[in-house]
Amino acid sequence: MSGAAARSPTRHFLVGLARAAGGALVFALPLWMTEETWHLGYTIDPLRLALLVALACPFLVALSHVSGFEQTVGLKDDVVDACVAWAVGFAVSALGLWLLGALGGDLSRREGLGRVALQAIPASMGALLAQSQFNVGGDARDQRPSGYRSQLVVMLAGALFLAFNIAPTHEVELVAVRAGAGKALALAVVSLAAMHAFVYALRFTDGEEPGPETPGWSAFLRYTVSGYALALLASALVLWTFGRFDGTGLAPALRMVVVLGFPAAVGAAAARLIL
């Protein structure tokens with residue numbers, strides 16, 4: 001084997017690693033510039049953060065299978081890529097927070113680790129989605145699995161990304177307080193309509209346009225309703241992890257989920273067209 005051939009696997013891995021770092025930067029940058037997320041590193045319940053990280057692990061493996069920063073074959077490769085993406089997300093988040101002055105100084109080790117671990121979750125998602133973000137190797141859509149389950153994973157990724165960026169802000173709680181039951185219901189209807197406009201009225205630009213024999217309600221249930229359910233689930237998980245439900249009644253908590261579910265739903269629908 002020639003020297004160039006021997007170096008090619010290493011070069012391929014390094015290029016993929018650099019691509020993953022770029023994807024992590026794209027996803028993590030908004031959170032770096034949000035002061036509320038800095039404080040969450042200290043105020044968040046460690047057990048809830050640990051649970052969120054534990055739930056993120058199998059999701060990252062699924063995301064690697066759908067759209068990793070490099071092509072994978074089999075579960076083992078997906079697990080390895082998910083671990084690499086987590087390491088890249090953690091390192092990029094730590095470096096970014098340190099450069100912005102959000103790490104170091106008189107910050108305790110617990111708070112610093114919490115800040116980095118929290119922001120490493122969306123950063124690791126960005127690392128895995130680097131192939132789609134940068135359209136590597138031509139049309140990245142043609143290189144990934146495109147089944148229904150894969151589309152659900154992509155929608156969940158989009159919902160989590162926007163939910164992570166918006167949930168730490170106080171505006172979610174403020175809007176939920178001002179909105180009554182009627183406005184919350186109207187917002188849920190608008191969220192469903194926006195999702196349906198993305199996933200159906202835009203006629204499935206990812207090649208999954210239904211045939212003339214497929215009833216309209218089928219696409220509505222399979223993609224719009226399922227996607228909105230994932231958006232609400234992602235919103236509830238993030239809000240609960242960040243302690244937004246603590247000391248709050250059921251009705252205000254539901255309104256917060258619906259409020260955050262609107263941008264999460266848009267993120268879920270747009271992810272199928274962008275990623």
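Select Gly 41 first. Beyond its neighbours within four places in sequence, Gly 41 is in contact (heavy atoms within 4.5 Å) with Arg 110, Glu 111, Gly 114 and Arg 115. Gly 41 is found in helix α2, residues 35-43. Helices here are DSSP runs of H or I, at least four residues, and strands are runs of E, at least two, numbered from the N terminus. Gly 41 is buried, at 4% relative accessible area. Buried means under 20%, exposed over 50%, partly exposed in between, with a 1.4 Å probe and protein chains only.

This is a predicted model: local features need pLDDT of at least 70, side-chain atom pairs count only at pLDDT 80 or more, and totals for chains, interfaces and linings use all residues. Residues are numbered from 1 along each chain as its sequence is written, and side-chain values use heavy atoms, without hydrogens and water.

Next, select Phe 164. Leaving aside neighbours within four places in sequence, Phe 164 is in contact with Leu 31, Leu 52, Leu 118, Ile 121, Pro 122, Val 238 and Phe 242.

Now show the largest nonpolar core, which has 70 residues. Such a core is a set of buried Ala, Val, Leu, Ile, Met, Phe, Trp, Tyr and Cys residues joined through side-chain atoms within 4.5 Å. Phe 59, Leu 63, Leu 118, Met 125, Phe 164, Leu 239 and Phe 242 touch the most other members. Colour helix α11, residues 250-274: it gives this core its largest share, 11 residues.

Finally, zoom out. The chain has 11 helices and zero strands. Buried residues make up 47% of its 275 residues.
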